[in-house]
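Q: I have a chain open on my screen and want a quick tour. Can we take it piece by piece?

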Amino acid sequence: GGASFDLLIEKNKLTNLGFDPNPSGFFPILSGIAVFPGNDGAIVQNNQIRGEAEFGILTESNDGIYRGNHLEGLNPLAASYGIFGDNNTFIGIGNSTVIDNGINNTITGMKLNARVSIEELLQEANAKRKELLDNYNY
């Protein structure tokens with residue numbers, strides 16, 4: 001087998017998140033930090049995220065630790081954290097919100113929002129995009 005390592009994302013400052021331009025218009029950014037499947041055991045800590053995105057931090061991996069992330073300057077369209085993995089530990093700062101679609105995640109110091117699917121979020125984002133662009137069609 002190949003080499004194995006754990007992902008460490010720490011001490012990043014992400015500011016002015018906004019809309020992501022693409023050839024067909026503008027889509028809201030999905031997240032400031034995303035941990036995709038295959039990165040089990042990730043440690044995401046002491047990051048600052050400001051601006052606007054669906055999530056400040058999105059994870060689709062398992063067994064990670066998420067702590068000390070400063071999301072106070074974030075305007076999340078869905079929640080501060082989007083959890084689509086299992087057995088992760090989240091320790092919040094401030095008024096962070098969470099959508100937990102995983103199993104057996106430990107969440108401390110954050111407000112739990114309703115469960116939601118990525119498909120629903122993308123549909124909502126596309127509807128918002130259409131609404132914004134329709135204002136510019138004459």
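Q: In β6, which residue is the bridge partner of I9?
A: V44 is the bridge partner of I9. Keep in mind that this is a predicted model.

Q: How many bridges join β1 to β6?
A: Three bridges join them, and the two strands run parallel.

Q: What sheet are they part of, and in what order do its strands come?
A: An open sheet of five strands. The order is β1-β6-β8-β10-β12, with parallel pairing.

Q: Which strands stand at the edges?
A: β1 (8-10) and β12 (106-108). Each has a single partner strand, so one side of each has no neighbour in the sheet.

Q: How are neighbouring strands turned against each other?
A: By 5° on average, ignoring direction.

Q: What holds paired strands together in general?
A: Strands of a sheet pair through backbone hydrogen bonds, either parallel or antiparallel.

Q: Switching to the loops. Where does S61 lie?
A: In the loop between β7 (48-59) and β8 (65-67).

Q: Is S61 buried or exposed?
A: Buried. Its relative accessible area is 0%, and the cut-off for buried is under 20%.

Q: What does the S61 side chain make a polar contact with?
A: The side chain of T59, at 3.1 Å.

Q: And which residues does S61 touch, not counting those up to four places away in sequence?
A: V35, F36, N39, D40, Y66, G85, D86 and N88.

Q: Next one: where is N69?
A: N69 sits in the loop between β8 and β9 (74-83). N69 is buried, with a relative accessible area of 0%.

Q: What is the polar contact of the N69 side chain?
A: The side chain of N47, at 3.0 Å. Leaving aside neighbours within four places in sequence, N69 is in contact with several residues, among them N47, V44, I57, Y81 and I93. V44 is also the bridge partner of I9.

Q: Zooming out, how many helices and strands does the protein chain have?
A: One helix and 13 strands.

Q: What share of the residues is buried?
A: 37% of the 138 residues. The chain exposes about 7,800 Å², and carbon and sulfur atoms supply 50% of that.

Q: What about confidence: what is the mean pLDDT of the chain?
A: The mean pLDDT is 82, and 75% of the residues reach 70 or more.

Q: Which elements have the lowest and the highest mean pLDDT?
A: Strand β3 (residues 19-22) has the lowest, at 60. Strand β6 (residues 43-45) has the highest, at 96.

How values were computed. Residues are numbered from 1 along each chain as its sequence is written. This is a predicted model: local features need pLDDT of at least 70, side-chain atom pairs count only at pLDDT 80 or more; totals for chains, interfaces and linings use all residues. Side-chain values use heavy atoms; hydrogens and water are left out. pLDDT is the predictor's confidence in each residue, from 0 to 100. Helices (H or I, at least four residues) and strands (E, at least two) are DSSP runs, numbered from the N terminus. Two strands pair if DSSP finds at least two bridges between them. Axes are lines fitted to C-alpha atoms, for helices over the stretch in contact, and angles run from 0 to 180 degrees between N-to-C directions. Buried means under 20% relative accessible area, exposed over 50%, partly exposed in between (1.4 Å probe, protein chains only). A polar contact is a pair of N or O atoms within 3.5 Å; within protein, one must be able to donate a hydrogen and the other to accept it, and residues adjacent in sequence count only if both atoms are side-chain atoms. Contact means heavy atoms within 4.5 Å. Accessible areas come from the Shrake-Rupley method with a 1.4 Å probe; for residues, only the protein chains shown count as cover.
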